[in-house]
Amino acid sequence: MEGKKVILGISGGIAAYKSASLIRLLRKAGAEVRVVTTRNALEFITRITLETLSQQKVYCEVFDNENDYTSEHISLTDWGDIFVVAPATANIISKYACGIADDALSTSLMAFNKKIFLAPAMNYKMYDNFALQQNLHTLKKQDVLVIEPPEGFLACGYEGKGRMEEPENIFRFIEDFFKRSNSLTGKKVLVTAGPTHEKIDPVRYISNHSSGMMGFEIASEFAGRNADVTLITGPVSAFWTHPGIKRINVVSAKQMYDSCIDLFPGFDIAVMAAAVADYTPEKAAGSKIKKEEEKNMVLKLKPTKDILAEMGKRKKDNQLLAGFALETENELENAKKKLQKKKLDMIIVNSLKDKGAGFKTKTNKITILDNNQQVKRYDLKSKKAAAVDIVNYISKLLD
Ligand code: CTP
């Protein structure tokens, strides 16, 4: 964990005293730790304890002369690789899930766009509460890692589920996360995204509904784990991409084919999320086709080359190739055929039958099949969270 930057959020629960051990474990493993607390947290553990153990100033007040920057929450969140809230009270969990930012901890959490871990700690009745459970569910769907509290003796005298996981176990979750992300450091990853446009004439083209979002999220997730990412994308409306991503814009299936085939030999991993057109006009008209000339328009199409299948043929043993399958029926059966025919290591299936999956949505419901006959189904979640699942799966296959 040498050099990793951990933001530790502490909210106001009795388990706050255990945060001291967590800081020690992280620092001993070589991580840097900066602490942000709620005001109530400092009723349970002193600022001086936290500052001594972390060797850093504690951030608690948004408007404080002692802050290094006027927008401390932004500079802090730019700095951190991960954000761990331990203990996470019902209040901070629910504020974060509902987008409330009214103190140093909630504001920092809201501004943080990397991996977040929450270690809930509260009375078992509070933990059972419908609103809290709903909020935890919302956060899990956004790929927040919730370290479930074990059953046991609670400080309030009751027994049940609600005590914060022991610092040693929270530390193991964090260590495991960094180990998994390290396995992708420096790996050369090629990702494709978006639709292609097949020209009919200078003003018209054939395409599909792909927004490119799934491919962009996958590329960003790899880049966030320090992989060396190249994204070949068809025409999409501008997306934010991770600053480390090299982006190559193409328009047609032919251009995407040429770029992919040219680049593939230099890559360790390729994930082909683009919705490449299967057919293209035999001949594109050089000038606009006029209505008067073509009463009943007949377009002659020819098949495009299957980029993924060609890459499968050329794939070396040390390369990992992942494809997508968008299906409307017999999903698994069709995907299995594609996996074998295109010589892939894994295939990510989405079905247009699933509500919220596929094109034009911000969510996806995926199933991953690999060539070890493993099948893993995932719940409906944001495309960002689905990208995390895909990258985790690839990382495991590499191990
Ligand atoms: N693909 C490709 N080149 C093509 C068509 C598809 O590389 N000319 C890739 C896509 O990027 C995706 C996978 O193949 O990773 C599967 O695409 P899909 O449209 O689901 O299947 P097809 O192979 O085109 O078969 P069909 O349309 O008959 O289902």
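This is a predicted model: local features need pLDDT of at least 70, side-chain atom pairs count only at pLDDT 80 or more; totals for chains, interfaces and linings use all residues.
I began at the ligand, where a polar side-chain atom of K338 lies 2.8 Å from an oxygen atom of the ligand. I call that a polar contact, meaning a pair of N or O atoms within 3.5 Å; within protein, one must be able to donate a hydrogen and the other to accept it, and residues adjacent in sequence count only if both atoms are side-chain atoms.

Residues are numbered from 1 along each chain as its sequence is written, and side-chain values use heavy atoms, with hydrogens and water left out.

**Ligand, continued**

I then looked at backbone partners. A backbone N or O atom of K305 sits 3.0 Å from a nitrogen atom of the ligand. How many residues surround the ligand? I found 16, and the closest are M272, A274, F324, K338 and K342; a residue is near if one of its heavy atoms lies within 4 Å of the molecule.

**Helix 5 and its two partners**

My helices (H or I, at least four residues) and strands (E, at least two) are DSSP runs, numbered from the N terminus. Axes are lines fitted to C-alpha atoms, for helices over the stretch in contact, and angles run from 0 to 180 degrees between N-to-C directions.

I took helix 6 to start. Helix 5 (residues 90-98) packs against helix 6 (residues 104-111) at about 40°, with the axes 10 Å apart. The two are therefore oblique to each other; angles under 35 degrees count as roughly parallel, over 145 as roughly antiparallel, 65 to 115 as roughly perpendicular and the rest as oblique. Their crossing is right-handed, which is the clockwise case; left-handed is when the near helix is turned anticlockwise from the far one by less than a right angle. I92, K95 and Y96 of helix 5 meet L105, S106, L109 and M110 of helix 6, with contact taken as heavy atoms within 4.5 Å. By class I noted 5 nonpolar, 1 polar and 1 charged residues. Ala, Val, Leu, Ile, Met, Phe, Trp, Tyr, Cys and Pro count as nonpolar, Asp, Glu, Lys and Arg as charged, and the others, Gly among them, as polar.

Next came helix 8. Helix 5 and helix 8 pack at about 55°, their axes 9 Å apart, and that makes helix 5 oblique to helix 8. Helix 5 passes helix 8 in a left-handed crossing. A90, I93, S94, Y96, A97 and C98 of helix 5 touch L132, N135, L136 and L139 of helix 8. That contact divides into 8 nonpolar, 2 polar and no charged residues.

**Helix 11 with helix 12**

The axes of helix 11 (residues 253-263) and helix 12 (residues 307-314) come within 10 Å and cross at roughly 20°. That makes helix 11 roughly parallel to helix 12. I logged the crossing as right-handed. A253, M256, Y257, C260 and I261 of helix 11 meet I307, E310, M311 and R314 of helix 12, giving 7 nonpolar, no polar and 2 charged.

Which peptide bond is cis? I found the one from A86 to P87, with omega near 0°, and P87 lies in strand 3 (residues 82-88). D143 has a positive phi of about 70° although it is not a glycine; I placed D143 in the loop between helix 8 (130-141) and strand 5 (145-146). N226, not a glycine either, has a positive phi of about 65° and belongs to the loop between helix 10 (213-224) and strand 11 (228-233).
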